Amino acid sequence: MFSDTKGPAPQTHDGSGLRIGIVHARWNDTIIQPLLEGTKAKLREAGVKDSNIVVTSVPGSWELPIAVQRLYAASQVQSSGTGTGISAGDLLGSSTTDLTQLSASTSSQPFDALIAIGVLIKGETMHFEYIADAVSQGLMRVGLDTGVPVIFGVLTVLTDEQAKARAGLTPNGHNHGEDWGLAAVEMAVKRKAWA
Ligand code: DLZ
């Protein structure tokens, strides 16, 4: 018997000790923003402190894998108390206002999970296929290479309407960002248990 709920069967996990990094693309920003809000809402609901949620952005989804990889590396440097001579600013681009979040974050522990958020909407050319394939493979690689869960918060849709529905912007829609927030907490908690 199939369930008619969208998303995974729910589990509850305590996110109060976690630090989560989010990188979002700025293409299709009207869809990105509600997805980001849905993600953060579920992180907070699971107990993740605002000061332990670091958000940064990149131009488009293509840039997500490198940014997620560098954001994690920056948090590792920050937590080791430098000694390498490399600052988080060096790793991420010191002039971005986004970066102030990383240094303002009260915790200095490396991220327990990372969430990459992007919205790819198929156009008339092959851009969509190339970007979707590279980004999904790139994000998987970052997760396996670092051993840190990387949540795939990238919508790959055919129409604006499909994107809106998946950002909870239509009457029967569902905000997938909520699932990504919950997945990040669950995977971060389980990864600690598996260590
Ligand atoms: C170029 C491009 C196109 C056509 N479509 C999207 C899209 O739907 N969603 C998205 O996040 N980014 C798109 N981009 C931008 C690329 O991801 C990337 O930012 C640029 O090619 C620069 O590397």
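A: From the N terminus on, the elements follow the order β-α-β-α-α-α-β-α-β-α-α (helices, H or I, of at least four residues and strands, E, of at least two are DSSP runs, numbered from the N terminus). That gives 7 helices and 4 strands in the protein. The model is a predicted one, in which local features need pLDDT of at least 70 and side-chain atom pairs count only at pLDDT 80 or more, while totals for chains, interfaces and linings use all residues. Residue numbers start from 1 along each chain as its sequence is written.

The 4 strands form an open sheet in the order β2-β1-β3-β4, with parallel pairing (two strands pair if DSSP finds at least two bridges between them). β2 (53-58) and β4 (150-157) stand at the edges with a single partner strand each, so one side of each has no neighbour in the sheet. On average, neighbouring strands are turned by 15° against each other, direction ignored (axes are lines fitted to C-alpha atoms, for helices over the stretch in contact, and angles run from 0 to 180 degrees between N-to-C directions).

Now the strand pairs. β1 (residues 20-25) and β3 (residues 113-121) pair in the parallel sense over 5 bridges. In this pair, valine 23 stands opposite alanine 116 in β3. On the β4 side, 8 bridges join β3 to β4, and these two strands also run parallel. There, valine 119 has leucine 155 in β4 as its bridge partner. Of the 9 residues of β3, 8 are buried, so this strand is largely enclosed by the rest of the structure (buried: 20 or more other C-beta atoms within 10 Å of a residue's own; exposed: 12 or fewer; partly exposed: in between; C-beta atoms are placed from the backbone). For the protein as a whole, 43% of its 195 residues count as buried.

Helix α2 (residues 64-79) touches β1, β2, β3 and β4, and its direction makes about 155° with that of β1 (two residues are in contact if their C-beta atoms, placed from the backbone, lie within 7 Å). Helix α5 (residues 127-146) touches β3 and β4, and its direction makes about 170° with that of β4.

Alanine 184 is in contact with Ile20, Leu43, Ala113, Ile115, Pro149 and Ile151, leaving aside its neighbours within four places in sequence. In soluble globular proteins, nonpolar side chains tend to be buried together.

Of the 15 residues around the ligand, Trp27, Gly60, Ser61, Trp62 and His127 come nearest (a residue is near a molecule or strand if its C-beta atom, placed from the backbone, lies within 6 Å of it). The elements that give two or more residues to this shell are β3 and α5. The largest share, 4 residues, comes from β3. By type, the shell holds 8 nonpolar, 6 polar and 1 charged residues (Ala, Val, Leu, Ile, Met, Phe, Trp, Tyr, Cys and Pro count as nonpolar, Asp, Glu, Lys and Arg as charged, and the others, Gly among them, as polar).

Serine 61, one of those nearest to the ligand, is found in the loop between β2 and α2. Serine 61 is buried, with 29 other C-beta atoms within 10 Å. Leaving aside neighbours within four places in sequence, serine 61 is in contact with Ala25, Trp27, Gly118, Leu120, Ile131, Val135 and Val154. Alanine 25 is 36 residues from serine 61 in sequence, and their C-alpha atoms are 5.3 Å apart in space.

Another loop, between β1 and α1, holds asparagine 28. Asparagine 28 is buried, with 20 other C-beta atoms within 10 Å. Its phi is near 60°, a positive value in a residue other than glycine. Most residues other than glycine have a negative phi.
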